[in-house]
Amino acid sequence: MDKTAVAIYLRLSNEDSDKGKLEESNSISAQRVLLTRHVEELMQGQEYSITEFCDDGYSGTDFNRPGVQALIEAAKNGDVGMIVVKDFSRFGRDYLEVGRYLEYIFPILQVRFVSVNDNYDSSDKFGTTGGMSVALKNLVYGMYSADLSKKVRSARDTRVRNGEFVGQFAPYGYMKNPEDKHELLIDENVAWVVRRIFRQAADGVSHTEIARQLNEEGIPTRYLYHQLKGDNFPDKQPHVKVKLWDNSSVRDIITDEAYLGTMLWNRAKCGMDTNKKRVEQPREKWIIVENQHEALVSKELFQKANDNIVGRDMSGRATGRRNLFFICGYCGKSLKLRSRKKDKYYCSSRVQQIENDCQKINIAKEELENAVLCQVRGMAGMLIEARAVRKKAHKHDRKATLETTVADSMKEMARWKDTKLHLYEQYKAGKITREDYVARIEKGRIRMEELDQIKSAALEELDSMQTVSEKEEISDEKLAEFSVLESFDKDRLKMLIDKVVVYGSDAIEIVWKVGNPFNAEIIA
């Protein structure tokens, strides 16, 4: 394309900013000015357009950032010809992943990468040792990031011990002081809900009944309340479609010592040293600061409300695992199993309102599990048959043919860029007429469109083959066992099934982890 599409990528770490604030970070604005000026210097005399991709308040230790993912997708789609960043660490602090993009992915996509402060331009690095420099710098960035993470955590711990609130969102019933975000104030808009929950629990009202009353009165849950206020509050249960109060959310409030005016910190760790995974900490490692803010309930009321709660671990959390195998098709919650004379699966949301669709689900355990087993045997049989056909078709080495097609198309498209420039030089020198020049350019354009379609079709087929390959991790022997399986074993079935969505005794939907054999096109 004649007009170069330039992408500038901006990022500010969440260690350096408050994600909750709405205004844009000054550091982001400074990066924008720097990169825009640099693009102007690079593109002197050339037409270009700038598209901005931004992650404000995200760590660079991994690539799970919306801005960078959108940038990479744009590059893959051919919408970006050049990427400009302030330095390598803005793009990412994982030096192995950054190196993979710079050394392999962006060159294949024919995307130029520029890092201003590192004085790096991929157009000048081919055939040189630029990759070694990138790897070394990003190794240093990675070490710096790990060290920074520890320092930030230590600084936050110190603030907490000094009685400052450092959480991203205040507990339900409280709000951050507009004049001092490290101080909690009572939010009277919902504080009365918290007090009511404690009083009812202390009077012996069940958590389920409390939740049902709150839902019937239309009182928003914590998530919905933040949404109404316009806060960017995370949805910790995205699989749940209908956001209602339930016995778990009621119990979470009753057991939270924050309502005694106590601040609890370090209940869990999640950082580079835990590989970004949440790791629960024993209570002796918690940081506990009493009288940090005004209490919503008295110690007597708190104790009385908690007296009837059983089944909690040492940290005060309820025991038991969530079952996300059988899912309610109406609200998205996991089904529970009633253990009585006749075991039945049901949705706990059936008791949270007087009338709802969840009440349609009351299906016998044996009936539901046998229905799933029947579908598993059928799917396993179809997969075995489809795999046999596919193996026979692959004798012609279709994959190698497709890869050659893609490579040849890209080579010819690359040669056309040089040819087009050569034609222009001949035309300017008067060696060919304008008519001849226009005709050749148009012929080349048509050919490029044909090659692009050929390449896209080949890549799509290769991607389909790769998907099939990835989903064939289950061996032929395992599939044969599934095809004659007689007993219901949930842990075993999870090899094939992601979840079972239940709408009633006569309507279920199975979400498979394996591909539908009828969706994959067989190339003979």
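**Charges over rings**

Select Lys-243 and Tyr-223: the charged end of Lys-243 sits over the ring of Tyr-223, 5.4 Å from the ring centre. A charge sits over a ring here if NZ of Lys or CZ of Arg is within 6 Å of the ring centre and within 35 degrees of the ring normal. The model is a predicted one, in which local features need pLDDT of at least 70 and side-chain atom pairs count only at pLDDT 80 or more, while totals for chains, interfaces and linings use all residues. Residues are numbered from 1 along each chain as its sequence is written, and side-chain values use heavy atoms, with hydrogens and water left out.

Next, select Arg-65 and Phe-63. Arg-65 lies over the face of Phe-63, at 5.1 Å from the ring centre.

**Aromatic pairs**

Rings of Phe, Tyr and Trp (its six-membered ring) pair if their centres lie within 6.5 Å; planes under 30 degrees apart count as stacked, over 60 as edge-to-face and the rest as tilted. The structure holds 21 aromatic pairs.

Zoom in on Phe-91 and Tyr-101. Their ring centres are 5.8 Å apart and their planes stand at 85°, so this pair is edge-to-face. Phe-91 belongs to helix 3 (residues 88-91) and Tyr-101 to helix 4 (residues 95-109), so the pair ties together parts that are ten residues apart in sequence. Helices (H or I, at least four residues) and strands (E, at least two) are DSSP runs, numbered from the N terminus. Phe-91 and Tyr-101 are both buried, where buried means under 20% relative accessible area, exposed over 50% and partly exposed in between (1.4 Å probe, protein chains only).

Now go to Phe-198 and Tyr-259, an edge-to-face aromatic pair with 5.9 Å centre to centre and 70° between the planes. Phe-198 lies in helix 6 (residues 188-202), and Tyr-259 in the loop between helix 9 (247-254) and strand 8 (263-265), so the pair ties together parts that are 61 residues apart in sequence. Phe-198 is buried at 0% relative accessibility, and Tyr-259 is buried with a relative accessible area of 2%.

Select helix 2 (residues 66-76) and colour its buried residues: Gly-67, Val-68, Leu-71, Ile-72, Ala-74 and Ala-75. Look down the axis of helix 2: these buried residues fall within an arc of 160°, so they line one face of the helix. The arc is that of the directions from the helix axis to the C-beta atoms. After helix 2 comes Gly-78, with a positive phi near 80°.

Show helix 7 (residues 207-216) together with helix 9. They pack at an angle of about 105°, with their axes 8 Å apart. Axes are lines fitted to C-alpha atoms, for helices over the stretch in contact, and angles run from 0 to 180 degrees between N-to-C directions. Helix 7 is therefore roughly perpendicular to helix 9; angles under 35 degrees count as roughly parallel, over 145 as roughly antiparallel, 65 to 115 as roughly perpendicular and the rest as oblique. Which residues make the contact? On helix 7 they are His-207, Thr-208, Ile-210 and Ala-211, and on helix 9 they are Asn-247, Val-250, Arg-251 and Ile-254. Contact means heavy atoms within 4.5 Å.

Move to helix 10 (residues 299-306), where Phe-302, Ala-305 and Asn-306 are buried. They cover an arc of only 95° around the axis, which puts them on the same side of helix 10. The buried residues of helix 10 pack against helix 6 and helix 9.

**Two loop asparagines**

Select Asn-119, in the loop between strand 4 (112-115) and strand 5 (120-121). Its phi is positive, near 55°, in a residue other than glycine. Asn-119 is exposed, with a relative accessible area of 68%.

Then select Asn-291, in the loop between strand 11 (287-289) and helix 10. Asn-291 has a positive phi of about 55° although it is not a glycine, and at 68% relative accessibility it counts as exposed.

**A buried cysteine**

Select Cys-347 in strand 14 (residues 344-347). Cys-347 is buried, with a relative accessible area of 0%. Not counting residues up to four places away in sequence, Cys-347 touches Cys-328, Cys-331, Leu-335, Cys-358 and Ile-361.

**Whole chain**

Zoom out: the protein chain comes to 15 helices and 17 strands. Buried residues make up 38% of its 524 residues.
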